Amino acid sequence: MSLGSAGTKPEIFCALDTPDVAQAIALARQIGPVTGGLKLGLEFFNAQGPEGVLRVMESAGDAALFLDLKFHDIPNTVAGAVRSICARMSPAYLNVHASGGAEMMRAAKAACAPATKLLAVTILTSLDEASIVQAGFRAGLSERVEGLALLAKENGLDGVVCSAHEIVRLRAACGPDFILMVPGIRPEGAAAGDQKRVMTPRQALSAGANHLVVGRPITGAADPAAAALDILSDLRGTA
Ligand code: C5P
């Protein structure tokens, strides 16, 4: 199994969805050296701030950080936020909403440090056809997702966060070098939880994903490091 050509390791970013710094540090210590990638999002960031992020990453070996903060504001404000994040935390990946528009994405990219890849969120996977129409978008969810991904690409972003079921379409539309970071991943037999459209890690990488976001199947396991290792062994064909 090979990653897409934009794919660089790590294959997996483990989502640490907790507001608790001690718990995040304990998980990072166990999982970071195994997956090589960790994701911290709004729940943790708003509870613990940049200081908490730095403490977690100090415990995570050389793991790369995906800071999932989904910025969406006027261009000048988003650019400032991106600049502050890069200066303080230097994440490997950071994201903004594509629906913030072309100018916002260009400003964000211009403010982003070269060491940080900037991704776009297209349409949140929690929204269905009815809710996007209610929110003022035209019907046609898949077309909207593809249109926003292309807008992100045209305006210099490095890739998108997308659902597993959008991988094939976006890989075809956006080409081999556009990064596809994919949550909603469940190993064979794992509980889906609140994720509605899931794929196994192997299926998602075969379809063309570069990186996978896996949270509860790892963090909720009795032995998180072993759970992460199982998924990686399966991906690498060494299980
Ligand atoms: O525990 P689980 O594997 O479902 O975690 C998935 C992670 O990816 C969570 O942090 C969730 O917020 C995030 N995410 C997602 N769907 C998106 C974007 C991010 O599930 N479209």
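By class, the lining of the largest pocket splits into 14 nonpolar, 10 polar and 10 charged residues. Here Ala, Val, Leu, Ile, Met, Phe, Trp, Tyr, Cys and Pro are nonpolar, Asp, Glu, Lys and Arg are charged, and the others, Gly among them, are polar.

This is a predicted model, where local features need pLDDT of at least 70, side-chain atom pairs count only at pLDDT 80 or more, and totals for chains, interfaces and linings use all residues. Residues are numbered from 1 along each chain as its sequence is written, and side-chain values use heavy atoms, with hydrogens and water left out.

A pocket, on a 1 Å grid over the protein atoms alone, is an open set of points where a 1.4 Å probe fits, with protein on both sides within 12 Å along at least five of seven lines; lining residues have an atom within 4 Å of a point. Volume is the space filled by probe spheres set on the points, which are joined across faces, edges and corners.

The largest pocket comes to about 960 Å³. Its lining has 34 residues, and Thr125, Ser126, Pro183, Gly184 and Gln195 are the closest to the centre. Strand S3 contributes the most to this lining, 3 residues. Helices (H or I, at least four residues) and strands (E, at least two) are DSSP runs, numbered from the N terminus.

The second largest pocket holds about 180 Å³. Among its lining residues are Pro187, Glu188 and Asp234. Helix H10 gives the most there, 4 residues. That lining has 5 nonpolar, 1 polar and 4 charged residues.
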